[in-house]
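Hi everyone, thanks for coming. Please have a look at the picture on the screen, and then we'll walk through it together.

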Amino acid sequence: MPGFDLDQLRTLVAVLDAGSFTAAAPRVFLSQSSVSEQMRKLEERAGQALLVRGKHGVTATPAGERLRAHAGAILALADEAYRDLRGVALRGELRLCITDYFRPGDLAYMLRRLGEQYPQVGLHVTIMKSGAIEQAYQRGEADVGVSMVVKERGVARGRAQGTLLRRERLAWMAAEGYCMPGGPLPLLSLPETCALRQFTERVLSRAGVAYSAAHVASGVAGLQSALAAGLGVACLNESALAPGIARLADARLPALPEVEFRILPPRPGEDEFIERARTAIGLALGQAGHAATPRTRPARGL
């Protein structure tokens, strides 16, 4: 029966929104090669070229633009039908607090998709540090919280419990091609209240690695900019890899554990709307656990 595959249409929209197969891959939870294969099959089904591939990314042909417009309407109708038949229509105001370490390159896209799936939910999103999220949640200032904890010696260090969304490894990162001169490790980090900074300094001290605070950023985006600029070295979760940043391998740097991202557990007497919204958010964000980690060239050691 003629027609278009919904997954291929979603991938087309993601590719054109992101501007490349590589950037689109984590958005649709596929590898780059799978994205390329889906677009090849979609063009075969359409009977004409939909994408122009170039050195600076991917753009749409006139036919691709027409199909993109159709895809938006088709996908919205499919989502509406799913919500209707599954009885997941949600209406209300929801305060979501989420750590900025969670998929920083794709978080905005995931939240936009969440808004498209539940258009009648007024979603108020605050990006905070994990400790602040847990405190705000305990005080009743947030309805749903997503926090990060470090697994030291295989045990999650931190107060966060609840539903596991994703596990990632921590990695030492620096600018691509970075070569560190002699002397203390120039450490890039977030403020002293950040639990990951505290862990990083603790693990360096235990390993006897001298370091100095080369730059303190207010958030992960600022830290990524400082890394790409070659200002020093940072310890970050793998999904924080971004253009211009690579893993830094050096025998003198200590091994790093995993982190866990968890959606905080329900509180006693919680409203049914919040309970349902937590489940929906968990399903939407939990899909990110199957995404491929971006591949970048390694930085040189110290």
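Predicted model: local features only at pLDDT ≥ 70, side-chain atom pairs only at ≥ 80, totals over all residues.

Let's begin with helix α1, residues 6-18. At its start, a side-chain oxygen of D5 comes to within 2.9 Å of the backbone nitrogen of D7. How far apart are the end C-alpha atoms of α1? They are 18 Å apart, and that agrees with the 18 Å that 13 residues should span at 1.5 Å a residue. The buried residues of α1 are Q8, L9, T11, L12, V13, A14, V15 and L16. Just after the helix, G19 has a positive phi of about 90°.

Now for helix α3, which covers residues 32-46. From first C-alpha to last, α3 reaches 21 Å, close to the expected value. Buried here are V35, Q38, M39, L42 and E43.

Finally, the cores. The largest nonpolar core has 60 residues, and Y101, W172 and L196 have the most contacts inside it. Domain 2 and domain 3 each give at least three residues to this core. Take L196: among the residues it touches are Y101, M148 and C235. Apart from this core lies another one, of 21 residues, including F21 and L50.

Note on methods
Residues numbered from 1 in each chain as written. Heavy atoms only, no water. Core = buried A, V, L, I, M, F, W, Y, C linked by side-chain atoms within 4.5 Å. Buried < 20%, exposed > 50% of the residue type's maximum accessible area, 1.4 Å probe, protein only. Domains from an automatic or database assignment. Contact = heavy atoms within 4.5 Å. Helix = DSSP H or I, 4+ residues; strand = E, 2+ residues; numbered from the N terminus. Expected span 1.5 Å × (residues − 1). Polar contact = N/O pair within 3.5 Å; in protein donor to acceptor, adjacent residues only side chain to side chain. Lists of a residue's contacts leave out its neighbours within four places in sequence.
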